[in-house]
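Here is a short report on one protein chain. Keep the sequence and the 3D view side by side as you read.

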Amino acid sequence: SSSSSSSSSSSSSSSSSSTTSSDSENSLYQTREKELQLAKQRDILQNSRLNAMFREEDMANRKRQEQIQKLMEEDDRKWREERKKRMMGKYGEVKSVEELVGLMDDERREMQREMDTKVNLAKAAGITLTLLEPTDESDYSSTEDNSSAAGGMINGSGKRDNTESSGRFSKDDDKTKTKSNFNPIIGDAKKSWFESEQDFDLETELQSLPQRDDDNQNNNNIYDQRNKNNNDNIHSEDPDEDGLPRVINGKLTSRQQLMGISVGSAGGWSLEVFPGDFVVHRKYGIGRYEKTVLKSKTKLTPEETAASEERRKEIINGLMNEGKSLEEIQKAVADFGTDKDKDPVSNPLAALLEIAYADAMVHVPIERAYRLSRYRAGDAAVKPRLSRVKGEAWAKAKHRVEANTVQMAEDVLALYATRETLNRPPFDPSAEGRVGKFAESFPYEPTPDQKKCFEDVENDMVWRSRPMDRLICGDVGFGKTEVAMRALFRCVANGRQAALLAPTGVLAAQHFKQVVRRMGEGTEHNFNVALLRGGMGKNTKKGRELRAA
């Protein structure tokens with residue numbers, strides 16, 4: 001009985017211990033589950049707080065970006081308006097195509113009146129003034145960089161329809177217009193991407209100008225207007241009378257502003273220049289012609305001074321008779337001699353050529369245009385540097401060129417004087433039989449020019465007692481080599497040595513083969529012929545072998 005009780009007690013104790021361990025495991029599991037749930041709740045809460053914070057930051061950034069975008073757009077709008085006013089001048093405020101065309105028509109008429117005045121002033125001074133019109137291919141040319149950015153309406157390359165233009169804007173006596181092949185160059189020949197973008201922006205603004213509501217053409221822009229005008233003017237007298245602007249290097253430019261002038265006198269001098277042409281003034285040096293202008297005369301003759309004073313008195317008396325106030329009369333007196341004084345007697349005008357220099361703008365009276373000449377250089381692609389009006393740089397350059405010219409003339413005279421004093425025995429005329437026999441080996445019939453060269457070279461070498469000094473010019477394949485061959489043969493036939501120089505080794509080898517075939521070893525003439533080229537100096541193996549032979 002004791003043993004059974006002990007066994008029962010041990011079994012009960014073991015069962016109670018196993019129950020206790022399972023309960024502890026369950027409680028630990030539940031604790032862990034609660035901790036995980038709490039951690040998840042904390043993560044969810046933290047994420048929600050972070051998301052809310054991020055949303056607030058995103059909204060703040062979005063509002064900040066919207067404010068920045070608005071400020072940038074406002075600044076860009078103001079900059080574009082300022083640039084438009086700066087580059088388009090009085091055209092910057094236009095709101096429609098009709099308004100733009102009207103302003104340009106007014107400007108064209110004003111230019112017409114000014115040119116009439118210039119022509120009359122030039123005629124009074126005994127000078128003829130004629131307008132020169134750019135060709136259709138170069139009418140509104142600009143830089144190559146601008147051609148790709150420009151659209152079809154206003155071509156950045158300046159190409160226009162190839163239609164003849166004539167008649168309206170001519171200013172000479174018989175109302176004719178001189179054509180020219182001038183290619184106007186305005187500004188620098190190379191433009192930056194920023195300048196090209198500015199041109200494109202201006203063109204886009206012009207294209208977006210609407211028509212007025214008069215004909216229900218609100219949707220038409222300047223592009224449609226220009227196309228319509230171009231189609232209507234195909235057979236008209238002046239296709240450029242469309243009244244529409246062209247953008248060149250960021251500025252509205254009309255055809256009239258690109259026209260050149262021809263100035264001349266009965267004395268024989270003449271000058272033809274276009275805007276952008278480089279000219280040379282006797283006193284100031286190299287400048288760039290800009291345009292012709294009307295300015296008040298600064299130096300009046302005694303007759304002009306007396307007439308001006310008399311005319312001003314008449315104007316003042318007229319104002320007093322009209323009952324004008326003292327302030328109005330004083331204002332009219334203050335305007336005498338200024339641009340506001342439009343009376344040609346009170347304020348005599350002068351037609352001037354405006355020349356730009358590096359440090360100043362010089363106005364040359366049209367009757368003194370003989371002091372100007374077109375700048376000409378061997379390399380037309382290189383633009384000259386503009387001279388400075390102030391300083392002695394141009395005077396020093398002139399003196400230096402004069403001294404160099406005199407020195408060069410002296411050297412040439414000395415050279416030719418020395419050549420005249422040189423003498424040599426003429427070649428033997430009896431050897432001309434051998435020369436004639438050599439000439440028979442020429443397989444072609446000589447041309448008349450070749451025959452003339454043969455005779456001249458023979459006279460120089462055989463019948464004159466000074467060294468021959470002759471240059472023979474001709475295109476490729478016209479027979480210059482045969483003239484040299486006969487001169488070589490004549491020289492060697494008279495017991496002398498002769499050398500034929502060639503610019504390249506290939507050409508020298510070709511001539512060498514020809515000379516050997518015509519007069520070298522194995523022929524009836526049996527002359528000793530050798531080829532001397534680079535790498536055949538006296539210290540080389542080939543050179544020593546050649547000299548030993």
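Lys 123 sits in helix α2. Helices are DSSP runs of H or I with at least four residues, strands are DSSP runs of E with at least two, and both are numbered from the N terminus. Lys 123 is exposed, with a relative accessible area of 54%. Buried means under 20% relative accessible area, exposed means over 50%, and partly exposed lies in between (1.4 Å probe, protein chains only). Lys 123 and Glu 367 are 244 residues apart along the chain, yet their C-alpha atoms are separated by 9.7 Å.

This is a predicted model, in which local features need pLDDT of at least 70, side-chain atom pairs count only at pLDDT 80 or more, and totals for chains, interfaces and linings use all residues. Residues are numbered from 1 along each chain as its sequence is written, and side-chain values use heavy atoms, with hydrogens and water left out.

**The whole chain**

The chain has 13 helices and eleven strands. Of its 549 residues, 31% count as buried. Contact means heavy atoms within 4.5 Å. Take the contacts between residues at least 6 apart in sequence: 69% of them join residues at least 24 apart.

**The largest nonpolar core**

A nonpolar core is a set of buried Ala, Val, Leu, Ile, Met, Phe, Trp, Tyr and Cys residues joined through side-chain atoms within 4.5 Å. The largest one has 22 residues, and those touching the most other members are Leu 129, Ile 261, Val 263, Tyr 289, Leu 353, Ile 355 and Leu 372. Two or more residues each come from α2 (97-124), β1 (127-133), β5 (260-265), β6 (270-273), β9 (349-356) and β10 (361-365). In soluble globular proteins, nonpolar side chains tend to be buried together.

Look at Val 263 in strand β5. Is Val 263 buried or exposed? Val 263 counts as buried, because its relative accessibility is 1%. Leaving aside neighbours within four places in sequence, its contacts include Leu 129, Trp 269, Leu 271, Ile 366 and Ala 369. Val 263 and Ile 366 are 103 residues apart in sequence, and 7.7 Å apart in space, C-alpha to C-alpha.

Now find Ile 261. Thr 292 lies in strand β8 (residues 285-296). At 13% relative accessibility, Thr 292 counts as buried. Leaving aside neighbours within four places in sequence, Thr 292 is in contact with Met 115, Lys 118, Ile 261, Leu 352 and Leu 353.

**Helices that pack together**

Axes are lines fitted to C-alpha atoms, for helices over the stretch in contact, and angles run from 0 to 180 degrees between N-to-C directions.

| Helix pair | Angle | Axes |
|---|---|---|
| α6 (residues 302-321) and α7 (residues 326-334) | about 165 degrees | 10 Å apart |
| α9 (residues 432-439) and α11 | roughly 145 degrees | within 10 Å |
| α11 (residues 480-493) and α12 (residues 505-519) | about 55 degrees | 12 Å apart |

Angles under 35 degrees count as roughly parallel, over 145 as roughly antiparallel, 65 to 115 as roughly perpendicular and the rest as oblique.

Start with α6 and α7, which pack at an angle of about 165 degrees. That makes α6 roughly antiparallel to α7. The crossing of α6 and α7 is right-handed. A crossing is left-handed if the near helix is turned anticlockwise from the far one by less than a right angle, and right-handed if clockwise. Ile 316, Leu 319 and Met 320 of α6 meet Ile 329, Ala 332 and Val 333 of α7. This contact has six nonpolar, no polar and no charged residues. Ala, Val, Leu, Ile, Met, Phe, Trp, Tyr, Cys and Pro count as nonpolar, Asp, Glu, Lys and Arg as charged, and the others, Gly among them, as polar.

Next come α9 and α11, in a right-handed crossing. From α9, the contact uses Glu 432, Arg 434, Val 435, Phe 438 and Ala 439; from α11, it uses Met 485, Arg 486, Phe 489, Arg 490 and Ala 493. By class, the contact of α9 with α11 has six nonpolar, no polar and four charged residues.

Helix α11 also packs against α12, at an angle of about 55 degrees. That makes α11 oblique to α12. On the α11 side are Thr 481, Glu 482, Met 485 and Phe 489; on the α12 side are His 511, Gln 514, Val 515, Arg 518 and Met 519. This contact of α11 with α12 has four nonpolar, three polar and two charged residues.

**Two loop residues**

Ala 499 is in the loop between α11 and α12. Ala 499 counts as exposed, at 64% relative accessibility. Ala 499 and Leu 531 are 32 residues apart in sequence and 9.8 Å apart in space, C-alpha to C-alpha.

Asn 526 is in the loop between α12 and α13 (541-548). Asn 526 is not a glycine, yet has a positive phi of about 55 degrees. Most residues other than glycine have a negative phi.
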